[in-house]
Amino acid sequence: MSELLVTGGQVLRPDLTVERADVLVSQDSGDIVAVDEPGTLDGDDELDAENGLVIPGLVNAHTHVAMTLLRGLADDKPLDAWLQEDIWPVEAELTAEDIRAGAELGLVEMIRSGTTALSDMYFEVEEIAEAVDQAGMRAALGFTAVTVGKDDEGARADLQESLDVARKLDGRADGRVRTTFQPHSLTTVGEEYLREFVPKALDEDLSIHLHANETADEVAPIVDEHGMRPLAYADDVGLLDGDTYVAHGVHVDDSEIDLLAETDTGVAHCPASNMKLASGMAPVQDLLDAGVTVGIGTDGAASNNDLDMFDEMRDAAMLGKLAADDASAVDAGTVVEMATANGADLLGFDSGRIEAGANADLAVIDLDAPHLTPAHDLVSHLAYAVHGSDVRHTVCDGEVLMRDRTVEVFDEVAVRDRAAERAAALVERAES
Ligand SMILES: CSC[C@H]1O[C@@H](n2cnc3c(O)ncnc32)[C@H](O)[C@@H]1O
Ligand SMILES: [Zn+2]
């Protein structure tokens, strides 16, 4: 039996109070054993949290982790033009090795900035699952099906692959990988295919993750073609009958907010991507007031351009206020809950809170910094002042992924070099 003691720090509790405490975690079960007064617990190994704040590992509720290879490739365009002119032509040249290299780079970036769980949409998911296994992180993964531009055989093969991959990879990495069925969006997967394959996913009790209501441009065609709002259409084809969360949810009207709440459908809010692609402002406070579970995602690094969930919390708070025209909307405590417990709920993990019995997924923030001084309110600091680079240690499933800012699960320099080489060769191939 091996136990790790995170000692000497202040601890963020599930009710968002902060207290001086030690946290004992089991490296066998991967769970938190106890949170108790300093000096009262003993472990086989220790992690020094002196002058630190121990928080739940952050949960990135929507990303495309391998898109780190496309970071900075194409900026300053709206979604449709960005995808069609820049991203999809390069993605067409991606190999399994590229995706592995991009995923490893993204996971290193996440570990360095205190993220321990992610929900990912992409292809070559076997490679991503292996990278997650090596990273020691937790993930909800899936193969994303797109049917536009494909013949019937190709379209059906894509959706079948999404089901097959979900079935095959569920439980990988000693149970740290869960899977989701993934139609890319309501405009990129045809109705006949949704009507055929969504019931199959529901029969198999698969969670569902899709992009929805991201831009105004994708709402009108759905209303024209189906005579209803996008989320009413999603409900009509059964997408909201399961354990479902939608990425973005920007252009949702009141009836759709009610529908999300009634069907217990979650939203992965992606504030930076929504701002950068000028997609719009999600009505986050209205969603929360209606009882919708809202997590936070970075989206891919090509539309962000980083995977730092502290940046994302700050963006969520700022944009939430603008959207609501109310400075009290989407407050600091709310964004911290969104990035931890809410995200864990969406992904189906027992993490996102520091209490006995929860998954031992933690990050320790170094508070010894000018931009974190004074410390009137540490929840305020988490939302508005901490940067990913302030993370000193990262722990997932009881294992130390980063100790004293050294990533222990990857050779970080080799990961960076490989990703840079692969990204350069990828772009060369796409341009030739
Ligand atoms: C086949 S995996 C996912 C697919 O989605 C593309 N993508 C990246 N960001 C977004 C976004 O904000 N909205 C819609 N689609 C997005 C990505 O490039 C992949 O092709
Ligand atoms: Zn996305």
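Helix α1 supplies eight residues to the lining of the largest pocket, the largest share from any element. The structure is a predicted model.

**Largest pocket**

- The volume of the largest pocket is about 1000 Å³.
- Its lining is made up of 47 residues, and those closest to the pocket centre are Leu83, Trp88, Val146, His184 and Thr188.
- Two or more lining residues come from each of α1 (79–91), α3 (125–135), α4 and α6 (216–226).
- By class, the lining of the largest pocket holds 20 nonpolar, 14 polar and 13 charged residues.

**Packing of α4 and α5**

- Helix α4 spans residues 152–169 and helix α5 spans residues 191–203.
- Their axes come within 10 Å of each other and cross at roughly 20°.
- Angles under 35 degrees count as roughly parallel, and α4 and α5 are therefore roughly parallel to each other.
- The α4 and α5 crossing is right-handed.

**Residues in the α4 and α5 contact**

- From α4, the contact is made by Asp152, Ala155, Arg156, Leu159, Gln160 and Leu163.
- From α5, the contact is made by Glu192, Tyr193, Glu196, Phe197, Lys200 and Ala201.
- Sorted by class, the contact of α4 with α5 has six nonpolar residues, five charged residues and one polar residue.

Definitions and conventions. Residues numbered from 1 in each chain as written. Chains lettered and ligands numbered in written order. Predicted model: local features only at pLDDT ≥ 70, side-chain atom pairs only at ≥ 80, totals over all residues. Heavy atoms only, no water. Axes fitted to C-alpha atoms, helices over the stretch in contact; angles between N-to-C directions. Helix = DSSP H or I, 4+ residues; strand = E, 2+ residues; numbered from the N terminus. Parallel < 35°, antiparallel > 145°, perpendicular 65-115°, else oblique. Left-handed = near helix turned anticlockwise from the far one by under 90°. Contact = heavy atoms within 4.5 Å. Nonpolar A, V, L, I, M, F, W, Y, C, P; charged D, E, K, R; others polar. 1 Å grid on protein atoms, 1.4 Å probe; cavity = no way out; pocket = protein on both sides within 12 Å on 5 of 7 lines; lining within 4 Å. Points joined across faces, edges and corners; volume = space filled by probe spheres on them.
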